[in-house]
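Subject: Structure handover

Hi there,

Here is the structure I promised to pass on. Please have a look at it first, and then read my notes below.

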Amino acid sequence: MINFLRYIAGACLIVLSQVLVFNRIEIGYGVYIMIYPLFLLILPFRMHLAQVMIIAFLIGMSIDFFLNTYGLHASALVFSAYLRPFVFKIIAPNEDYSRGDNSDKYASSSRFFVILLLFILVHHLWFFLMESFNLGELLFTFMRIGLSTVASTFIAFFIFLLFLLKTRTER
Amino acid sequence: MKNLIAFFKKFQLFLLFALLELVAIYLYVENYNYPQVKFISSVNTISGGILEKSNELTKFINTPQANRTLQQENEKLRQEIEHLQSLLDTIHFKDTLIAEQTYQYIPAEVIYSTFSKRNNFITINRGSKDGIEEGMGVFTDRAIVGIIHSVSENYSMIKSVLSSKIYIDVKVENNGAYGLLNWDGISPKRGSIDGISNDIPLKKWLRVVTRGSSGVFPEGLYVGKISQLKYENAKPLWNIQVWYEEDFRRLSNVYVIKNNHKKEFLRLDQSINKEEIGR
């Protein structure tokens with residue numbers, strides 16, 4: 001129960017920080033920092049994919065709720081949630097992800113960084129391609145995806161190091 | 001049998017995925033052009049309220065800047081009043097002037113805005129309670145900003161000129177050549193004009209203003225300057241880049257334009273269209 005409340009508080013925090021802080025950071029060059037996919041990686045591995053997708057949908061919708069994007073963030077986050085098991089499989093094909101908590105798997109933060117990078121790339125690909133939906137802008141869209149992925153990954157990774165890794169070692 | 005169940009399970013997940021995607025994409029596509037569902041955008045009470053509170057925390061940062069622009073605008077308006085007053089003294093129409101006012105301006109404060117997304121929206125702290133309706137134009141003392149996209153009781157949302165398919169009708173001030181304003185998503189400082197034939201002579205740094213043909217904006221509001229001119233590939237058109245006058249990174253106070261003759265205008269427009277179809 002306490003864990004459950006913790007996840008809900010985490011979801012609220014990540015949505016609010018995305019909306020009130022990271023959305024206001026506008027660097028230009030089309031860079032858009034989106035750190036909220038991080039939340040899906042923190043969810044336990046054991047969690048059923050259906051649950052993860054529904055959570056992704058709800059978080060995405062609550063971000064859309066503030067940013068006038070009407071479902072764009074939700075669709076990108078559901079897409080990346082659907083690919084979550086595949087991302088884990090690509091990174092570490094021999095692990096058994098059906099058991100154990102995240103703390104075991106993210107033992108090394110360098111591995112987490114790679115997972116995060118791939119996961120955010122998947123999310124950003126869907127997001128920016130859906131958003132522009134125009135072949136004429138493809139070159140600029142890919143520039144956008146590249147730059148935003150790098151920026152989002154680094155910031156999300158710092159958040160992970162600062163707040164999430166610490167609580168895990170305490171436990 | 002076991003395989004079948006496993007297969008079904010996978011399929012089930014895909015179905016859920018497809019369902020969630022369909023809902024999300026449907027909402028996005030349906031609402032981007034014509035907003036219908038208000039509760040999932042920033043004009044609802046909860047998200048509008050949170051954004052307004054957070055704006056109150058940060059707005060002191062650009063207060064000096066906002067003050068300065070308002071002061072400059074005041075000065076400009078005062079000069080204009082004096083000028084008009086002197087004209088009025090010579091012709092005596094003082095009483096009828098107020099009743100004839102076509103456009104009214106509703107001042108509003110920006111509580112949330114973006115400028116580097118593909119489609120940018122601005123949330124303001126005035127809504128239907130203050131007489132704002134969908135489709136009204138918005139501008140600042142410098143230049144036009146966008147068009148009201150959706151309205152709730154206390155908040156409304158502007159689709160800024162930094163959006164695809166914004167299509168505001170603009171013209172080049174000195175010769176009246178007109179086209180539609182568009183944005184390619186690259187820089188918040190530059191937009192483009194579509195549809196001006198390249199046999200019309202144009203020069204760099206000509207002023208671009210609103211055309212005022214749709215009743216959304218009055219004629220002659222400043223948009224920006226022509227910053228680049230090229231021939232469009234394989235079309236008899238100009239490829240025009242406009243340098244926006246408005247700095248979208250520092251929006252704080254805007255005016256919403258209420259056209260008192262809008263209904264009359266629309267009725268006229270409709271009757272013209274009917275006549276054309278009848279022919």
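Below is what I found in it.

This is a predicted model, in which local features need pLDDT of at least 70 and side-chain atom pairs count only at pLDDT 80 or more, while totals for chains, interfaces and linings use all residues. Residues are numbered from 1 along each chain as its sequence is written, and chains are lettered from A and ligands numbered from 1 in the order in which they are written.

Let's start between the chains. The contact takes 31 residues from chain A and 27 from chain B (two residues are in contact if their C-beta atoms, placed from the backbone, lie within 7 Å). On the chain B side, helix 1 (2-33) and helix 2 (45-58) each give two or more residues, and helix 1 of chain B has the largest share, 11 residues. Helices here are DSSP runs of H or I with at least four residues, strands are runs of E with at least two, and both are numbered from the N terminus.

Within chain B, the division is into domain 1 (1-33), domain 2 (45-161 + 252-265) and domain 3 (168-245), with bounds from an automatic or database domain assignment. The C-alpha centres of domains 2 and 3 of chain B lie 23 Å apart, and 17 residues of domain 2 are in contact with 17 residues of domain 3.

Finally, strand 1 (residues 103-113) of chain B runs antiparallel to strand 12 of chain B, joined by 7 bridges; strands pair if DSSP finds at least two bridges between them. There, Tyr105(B) stands opposite Ile257(B). Strand 1 of chain B also pairs with strand 2 (residues 121-124) of chain B, antiparallel over 3 bridges, where Ser113(B) has Ile122(B) as its bridge partner.

Best wishes
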